[in-house]
Each structure stands twice: as structure tokens, then as C-alpha cells.
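This report describes selected helices, aromatic contacts and backbone features of one protein model. Please consult the sequence and the coordinates alongside the text.

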Amino acid sequence: MGASVPAQVTWMNGVVTQFHQQFPQYKNTKVSVVWVPWGNRTTDWNTALTSGKNGPDVTELGNTDTPTEASLGGLADISSYVNNWSSKSDLVAGMLANDVQNGSTYAVPWFGGVRGVWYRTDQFKKAGIAAPPTTWAELVTDAQKLMKAYPGTYGIDAITGDTNAFASFIWGAGGQIATESGTTWTADLTSAADEAAIKYYVSLYKTYHLSPSKYIGQTELGVTGATSGGANADFALGKLDLYIDGPWATGNMPANPVDKANWASFPIPSENGPNSAPVFAGGSDLAVFKTSKYPQASWDLISVMDSVTNSTSLATGQDFFFPPFTTATSTAYPSSNQLMQGFAKAAQDSQISPLNAKNWATADSGQYNIIPTMLKSLMDGANFASTVAQANTELQSVLNTGSES
């Protein structure tokens with residue numbers, strides 16, 4: 001998927017060479033690589049599925065695409081291949097779980113990226129913080145120490161427009177945004193764990209005053225739709241002490257960052273520690289298309305594309321992704337790359353549901369913006385119980401029907 005980036009073309013050419021070497025039975029098999037713009041992917045898949053023509057044998061998918069395409073019948077059941085794959089036991093469990101429906105596996109994770117908390121090592125030292133926080137209480141205390149050591153800064157960004165990041169607080173309290181039973185979703189925002197997470201996140205602004213009012217209604221990149229000028233810029237310019245985002249934010253930082261040599265990261269803390277909160281792992285999967293005439297050869301090609309070595313080189317070649325293997329994640333980047341070390345720890349415990357639900361985009365970032373609207377309302381002073389209850393009702397309806405009513 002995407003543009004034919006020269007480095008990725010070279011990578012794929014190398015994989016094809018390995019494929020022919022590793023599987024000599026395919027010496028006369030030609031591998032044709034087609035680069036599909038991300039915006040065209042769904043149309044291309046659905047056209048191929050309905051017409052029975054021009055379908056791929058192997059396809060990359062965004063991992064939030066996989067459940068939908070599997071449910072539509074576009075992907076082959078590759079359970080037997082995956083179950084006999086020597087690398088299966090090393091896959092990050094949360095990433096593989098996304099590719100399983102009703103006990104059958106329809107794809108395998110290829111690479112992924114996660115969010116964490118950006119900070120500066122020299123600022124931690126000056127503020128007397130010996131190690132990154134592992135609990136919510138420690139996160140507040142450390143943010144307060146940083147604001148005291150660096151007057152005029154914001155402690156942390158409690159933005160309202162990034163549900164993918166906020167999800168870690170719910171998961172870190174032991175809750176779920178919504179759970180699925182069969183084909184029915186139940187929203188869980190009114191559970192005790194979810195309410196604890198919501199109250200804590202809102203308190204970063206309302207109670208502890210660690211986050212400024214300007215972040216209410218914003219994403220990590222500023223006002224909705226902006227590509228820069230938000231909390232990312234404040235962190236880069238030294239105005240924000242702790243910044244929640246993925247390592248890909250590097251590409252959205254202003255051209256004149258402050259103290260960049262000391263940038264580092266740590267996983268989002270859980271409520272009570274010592275383990276960090278699970279994180280949403282966005283990334284790509286590989287699947288065999290249902291109409292492929294060559295499922296065995298397709299799987300064999302996937303096994304080469306998704307070997308530990310090849311998946312690691314592809315992920316790190318993009319500067320901020322990780323391979324889907326537990327043993328490789330922690331060593332994918334050298335220890336000298338301190339920014340990536342916290343993300344590497346976070347990547348070993350990921351979740352995705354319900355952010356991969358068929359109607360999730362409609363509920364969250366599309367028509368309704370249910371959780372961002374809820375968080376904004378609460379930070380603006382709305383009644384907690386009624387606001388959360390309304391969001392819960394709306395979320396459950398949209399996840400099940402695609403509409404609030």
C-alpha cells in the first residue's frame with residue numbers, strides 16, 4: 001500500500017529473491033508487485049471480490065481493515081498455515097488477536113507503531129526524577145515537578161481529540177471501551193474502571209492544572225484537521241514537558257526544536273503499575289485474498305516477507321515502526337536511540353478492539369466523535385454522570401447500527 005518508495009521497492013525485490021531461493025519449487029513463479037494508494041484500497045478489494053477478477057494473491061491491509069475485510073468474505077482462512085508457522089509463538093499476542101475472528105485467522109501482523117510519553121532526560125534529572133513514572137499518581141507528581149523546575153511550561157497534554165491515546169488510560173485501569181459478544185457490541189464507558197480512567201484524565205486539566213485549556217477540543221497536532229501547531233509544537237519548543245504520541249510525531253515537529261538530543265520516551269503508565277498500560281497498535285497486516293488460486297505459494301511468500309529479519313528491516317527502515325515479534329521488538333533499535341526505547345517497551349503489550357470495529361470510524365473520528373466530545377464536555381464542566389451515560393448510549397448504538405438512533 002502507498003507510493004512505491006525506492007527503499008521499499010529495493011526491500012521487496014530482495015524478498016522476492018529470497019522467496020525463490022528459499023522455495024525452489026517456485027523458481028518459475030513470477031511475483032508481481034502492485035503499489036496501491038491507501039485511498040484506493042477498499043474500492044480495489046471490493047471490486048475484485050464482487051467481480052472475481054484482478055484480485056491480489058497477497059495483500060497488505062491496515063490492521064483496522066482486517067476484521068472488516070474478513071467479515072465481508074474477502075480474505076482466505078489461513079489458520080492452518082499460521083498454526084504451523086514456527087514464528088507464531090513469538091508474535092505479539094494483541095497484534096495477532098486482531099486477525100482472528102470466530103477462531104479462524106485471516107491475516108498476520110507485519111509491522112506496527114504505538115504511542116508513549118515523550119520527555120527530556122536532562123529535564124528529568126534537573127527535576128529530581130530518577131526514573132519514568134509507572135502509575136497515574138507518579139505521572140501527576142512528575143509533571144508537577146517538571147512544571148516547578150521549568151516555570152511557564154505545561155506538565156502534560158490532556159488533549160480531547162485522540163481517542164487512540166486515551167484508550168490506554170481505560171485499558172490501564174483494567175477497563176474496555178466496548179466489548180463484543182457474537183456480533184453485538186456493549187459499550188463499557190459507565191463501568192467502574194472506565195469511569196476511573198475518565199475522571200483521572202479530566203483531572204489532569206481540571207484538578208491538577210497540568211494541561212492548558214487550549215488543548216480542549218484539540219488533537220495532538222492542534223485544532224481538528226491541523227497538521228501542526230498543537231501539543232507537538234509545544235513539546236518541541238520546550239513549552240510542554242510530557243507529550244503523548246507515537247514516534248511518527250518526529251515528522252510533525254517544527255524545524256527549530258529545543259534540546260532534541262535529550263528526547264526520550266516511556267510507556268503510558270497504568271493506574272497502579274508496575275506494568276504499563278496496554279497501547280493501541282496501529283500498523284499493517286498481510287493476508288491471502290479469498291480468490292487466490294495459489295494459497296500455498298501466497299502463504300510461503302508471506303512467510304518470507306514476515307520473517308523476523310525482514311519485518312524488522314522494513315519496520316525500522318520507516319524509522320518509527322516495530323516488527324510484530326516480541327523478541328525482535330526490544331532489539332529493533334539500538335540502545336543509543338533513546339527515543340525509541342520506551343516505545344519498544346510499550347509495543348510488547350498492545351490491544352486494538354474496539355478500534356477495529358466496523359463502525360468505529362463513524363463513532364469516533366467520523367460523523368459523531370463520541371469520546372472526544374465527551375471528554376471536551378467534561379473538561380468544560382458538564383455533569384459527569386449524565387455526560388458519560390449519554391456517550392455510552394451513543395457509542396453502543398453506533399457500534400451496532402452505524403447510527404446514534
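## Terms and basis

The model is predicted, and local features need pLDDT of at least 70, side-chain atom pairs count only at pLDDT 80 or more, and totals for chains, interfaces and linings use all residues. Residues are numbered from 1 along each chain as its sequence is written, and side-chain values use heavy atoms, with hydrogens and water left out.

Helices (H or I, at least four residues) and strands (E, at least two) are DSSP runs numbered from the N terminus. Contact means heavy atoms within 4.5 Å.

## Helix α8

Helix α8 spans residues 163–172. 10 of the 10 residues of α8 are buried, so the helix is largely enclosed by the rest of the structure. Among them are Thr163, Asn164, Phe166, Ser168 and Trp171. After α8 comes Gly174, with a positive phi near 85 degrees.

Ala165 belongs to helix α8 and counts as buried because its relative accessibility is 8%. When neighbours within four places in sequence are left aside, Ala165 is in contact with Arg115, Ile244 and Ile268. Between Ala165 and Ser71 there are 94 residues in sequence and 27 Å in space, C-alpha to C-alpha.

## Helices α16 and α17

Helix α16 (residues 370–379) and helix α17 (residues 384–401) have axes that come within 10 Å and cross at roughly 175 degrees. α16 is therefore roughly antiparallel to α17. Axes are lines fitted to C-alpha atoms, for helices over the stretch in contact, and the angles run from 0 to 180 degrees between N-to-C directions; those under 35 degrees count as roughly parallel, over 145 as roughly antiparallel, 65 to 115 as roughly perpendicular and the rest as oblique.

On the α16 side, the contact involves Ile370, Met374, Ser377 and Leu378, which meet Phe384, Thr387, Val388, Ala391, Glu394, Leu395 and Val398 of α17. The residues of this contact comprise eight nonpolar, two polar and one charged. Here Ala, Val, Leu, Ile, Met, Phe, Trp, Tyr, Cys and Pro count as nonpolar, Asp, Glu, Lys and Arg as charged, and the others, Gly among them, as polar.

Seven of the 10 residues of α16 are buried, so this helix is largely enclosed by the rest of the structure. They are Ile370, Ile371, Pro372, Met374, Leu375, Leu378 and Met379. The buried residues of α16 pack against α8, α9 (192–206), α15 (360–363) and α17. Gly381 follows α16 and has a positive phi near 105 degrees.

## Aromatic rings

The structure holds 27 aromatic pairs. Rings of Phe, Tyr and Trp (its six-membered ring) pair if their centres lie within 6.5 Å; planes under 30 degrees apart count as stacked, over 60 as edge-to-face and the rest as tilted. Trp136 and Phe169 form a tilted pair, with 6.2 Å from centre to centre and 45 degrees between the planes. Trp136 lies in helix α7 (residues 136–149) and Phe169 in helix α8, so the pair ties together parts that are 33 residues apart in sequence. Both Trp136 and Phe169 are buried. One aromatic cluster is formed by Trp11, Trp110, Phe111, Trp248, Phe320 and Phe321.

A charge sits over a ring if NZ of Lys or CZ of Arg is within 6 Å of the ring centre and within 35 degrees of the ring normal. Lys126 lies over the face of Tyr150, 4.6 Å from the ring centre. The charged end of Lys199 sits over the ring of Phe384, at 5.0 Å from its centre.

Tyr150 is also among the contacts of Gln123, together with Leu146 and Asp241, when neighbours within four places in sequence are left aside. Gln123 is found in helix α6 (residues 121–126) and counts as buried because its relative accessibility is 7%.

## Backbone features in loops

Most residues other than glycine have a negative phi, and most peptide bonds are trans. The peptide bond from Gly273 to Pro274 is cis, with omega near -10 degrees; Pro274 is in the loop between β12 (263–266) and β13 (279–280). Another cis peptide bond runs from Ser353 to Pro354, with omega near 5 degrees, and Pro354 is in the loop between β15 (350–351) and α15.

Asp259 has a positive phi, near 60 degrees, and is placed in the loop between β11 (240–245) and β12. At 25% relative accessibility, Asp259 counts as partly exposed. Asp319 has a positive phi near 80 degrees and is placed in the loop between α12 (308–317) and α13 (326–329). At 56% relative accessibility, Asp319 counts as exposed.

Conventions. Buried < 20%, exposed > 50% of the residue type's maximum accessible area, 1.4 Å probe, protein only.
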